[in-house]
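Hi,

Here is the structure I promised to hand over.

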Amino acid sequence: METHSKATVAYAMVIDLDKCVGCGTCNVACAIENNVSVPPSEALENRGLTWMRTQRVDNGKAWPDHRTVTVPIPCQHCEHAPCIHVCPVTAVQLDESTGIIGQIPTRCMGCRYCMAACPYHARYFNWFDPTWPEGLQDTLNPDVAPRMRGVAEKCNFCHGRLDRARELAAAEGRPADEPVHYTPACAEACPHGAITFGNRLEEGGPIAALEKKPEAFLLLEALGTAPKVTYLSREPWIRRIGLSRLDRVRGHGDGPEGA
Amino acid sequence: MLPTAYEFHWDTGHIVFLGIFYSVLTVVMSTLIIASLRARRDMNKRREADIAWHESFSELATERRHCRHEFDGTFDAKVCGHEFACGNCEQHRALAAAAGGDDSIRVPPAQDAPATSPEGRLYHRGHTWVEARHDGTYDVGVDDLLRSCVGNPDRVTVPGVGTRLMAGTPVADLQRGRVHARVATPISGTVVAVGDYEGGRLYRLRPDDGKARLDQLLRATEARVWMLRELELLQARLTLPGEALALADGGELVGDLMGAYPDADWDAILADLCLEP
Amino acid sequence: MDRHLIQRGLDRTTLPRFLLWLLPWLLLAAWGGTSATQLFRDGLYHTNMDNRFAFGLWIILDLAIIALGAGAFFLGFMTYLLRRHEFKQVLNTAVIVGFVCYSGAIVTLAIDVGQPIRAWFAFWHANVHSMLTEVTFCITCYLLVLLIEYIPIVLKNRRLRTVPGAAVLEFNLHKLMVVFAGVGAFLSFFHQGSLGGMFGVLNGRPFAYREGVGIWPTTFFLFIWSAISAGPSFIMLITMIVQAVTRKKLVDDFVLSRLGRLSGILLSTYIIAKVADTVVWIMVTLPGKGFDAAEFYRSDMFGAWVLFLELTVFGLLPATILLNRRRVEKMPWLIAGGFLTCFGVAFNRFVFTLQTLSVPTMSFDRFMIYWPSQQEWGVLAGVFAYGVILYSLSFRYLNLFPRERELQTTTGGN
């Protein structure tokens, strides 16, 4: 699949938090697209599976100054990903032709070192055997393999859709080294168009323009992981949630629960 | 792990990491193989007895490793560093040469006169004695101390005629109750006759190369001092702290110590006496 | 009943009493076995780990027992390569304790991973840049070395040594033991370090991340240093416990004192390095990552006392006790110093595992706590019981303390 030269494609995502209403459609669309299994209802809160966590964050102030925002957090596909070099079995790999951090579930041995390494908690472990509620098996996507118990999984920017796009491009007779365009399920499903996806290296493309906007920010930029998911907001307090210093935002310990 | 594996690249990381890994494995495995080959070579050369003795000697308590020249008064205190192989000891050779080089055993003059006198015996530290016979064979027996300990054994097992024995190997077995004394043969050779325990002899040996190696055995003068020391050690083990020494005042050795002190750890005592770990 | 298997002259209790002693440990081991069966059969949802607490009790256990097991390689190194023969008195114990620690850690790891059947992938698909790969390779190789070091001790069993050739093999293995001691020291050096490196390289986890020295983060060196300072203390404590349980004198007191002092010397230098590392972490590393150390010590569970405790009560205090020549000759001081040292290294591993995962990274994360499930405790209990059982069997049927017989006869004890 080394069809794209490394310099021309780096898929990236921009999420406009001002447009997000927290409906969770991205989360559901992602789960259906990627055959994310549904753990039994007795699973602990932090044992769920999702590739697109939607996390409610507030400004920590009392009414009438209280404000909340929902932050969709997929894998950030960091340029300096903390999860790649830690994996002992080479199950996490950077595809240099797309910039996508891939997870190979059939090779993962479930040591969960990558999960400890990820500051965004964007990796999830299959604590249970994969199951779906009655009837939902019929909706499984034949392009994406479900994951077995005991392995880690995470967002791969809908790699199945990328493959489909490449097949289509090949069928149309376009040159193999020409970057293909495709849209992941979350971006497609968002009813408010809050999620933009594309090639950040494309001259004059939408991603490059959005990433340069003054309201753009990254999660934990100071860590140096260089995420490829950028967030937008005109609200200063929302832009500060990407900072790591807790005291810049509010007191600690009373925030909302993670997914 | 192998260059054929999908992820393998000939880069510095792989070469250094896997290079070290395979070097470690090679060192560990080749050391194991060398040890096994050496073990096999030692077995082929029939060195089991030497090695077993080497191991046993290293486990002997210091108090049981005194040099024979302590017994003849040459040294006040000296611990043997040659595993009782006095022939390998420079100091012993020098001392023996100064004393006239008489390291041999007195052979009785008359052709068929048995060497009954204990003076003619040489003693092994495993509480056996050796007596030379005129025809070049040697009688081997258990000394008085060990005999008094065991008393009347329930069973005595001695090697049969024709058995080849290697010095230092336990060959005879004196069993009393659950306790065994495994008596090591003081010299190497082939058994030519079996004696009877009651009579004091265990067996008669003919050395394989004609002449027995006797340098490690104690002469009667040394043996007397040595035996007294052994007796003291034995008394210490049989006597509870604070109790008077039962045998110290010149009393005769009781003929059946196992019967007299049934509670003592005879398993360990007999092993000590027979130099068996 | 089993007299003929026990070394002559060693006083061991009767077989029924020995079995009675084993009984509670066998029950604990059964608890561990049941837990392991459940976990293998049903999956890791029986634990209380979750997506945030990806590591839990078992990783703490692995790190702690591997650090405490460092006595095996370090004393082997001291005895065979530096020719400090006084440590021969406790070397067999060190080898068995090391074997227990490493095999226990590997079993726990096998339960801990989600797909144990794929464990060999760590070799086949090795990612040579991962610290965990280095750990896996080194621990496996070192367990092999420990097994080889264990064999001669087993071959000296009263019954086995009568097997033709056993003594010859033992003799030849023992002659080459210096090679194994050297290889063991080399391997241990790397995996003790890599276990620390595992945390130090987490560039997304500022609590654990440390600056690099060469290709390794400072934790690589700190973990080696703390492990070799705790190793001798642990062997000393184990020996004391065995002496107390069996009511026998097994080694000369001066050996225990020297083990304690060895720990003291290493621990005092470690503490200096640890303080320096902490200062660099607070002043340089954390600000560079946009963090403030105070944030990490603000929860109910992990206050600043954690750092204080680690550096003083588990660092300076035992170091000053064990460095003092007169104090290490007094048993209560020696026990206190050794215990604090060992507990300190375990506490350090606990902090690195649990606090790293507890503290938030993103501004809207919460401080979290975790308590292990019954099955997780079960595995811990099982590993502990396995260690006690293996050591008890070894103590009964093998001659672990070369000076035991002499010490029995000279002190007149039973």
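What percentage of the 259 residues in chain A is buried? Buried residues make up 48% of them, where buried means that 20 or more other C-beta atoms, placed from the backbone, lie within 10 Å of the residue's own.

Before the rest, some housekeeping: this is a predicted model, where local features need pLDDT of at least 70, side-chain atom pairs count only at pLDDT 80 or more, and totals for chains, interfaces and linings use all residues. Residues are numbered from 1 along each chain as its sequence is written, while chains are lettered from A and ligands numbered from 1 in the order in which they are written.

Chain A has 7 helices and 10 strands (DSSP runs numbered from the N terminus: H or I of at least four residues for helices, E of at least two for strands). Its C-alpha trace spans about 60 × 45 × 35 Å along the principal axes.

Now the interfaces. Chain C puts 43 residues into its contact with 52 residues of chain A; two residues are in contact if their C-beta atoms, placed from the backbone, lie within 7 Å. On the chain C side of that contact, helix 5 and helix 6 of chain C are the elements giving two or more residues, and the largest share, 3 residues, is from helix 6 of chain C.

With chain B, 30 residues of chain C meet 31 residues of chain B. Here helix 7 of chain C gives the largest share of the chain C side, 6 residues.

Cheers

How values were computed: A residue is buried if 20 or more other C-beta atoms lie within 10 Å of its own, exposed if 12 or fewer, and partly exposed in between; C-beta atoms are placed from the backbone.
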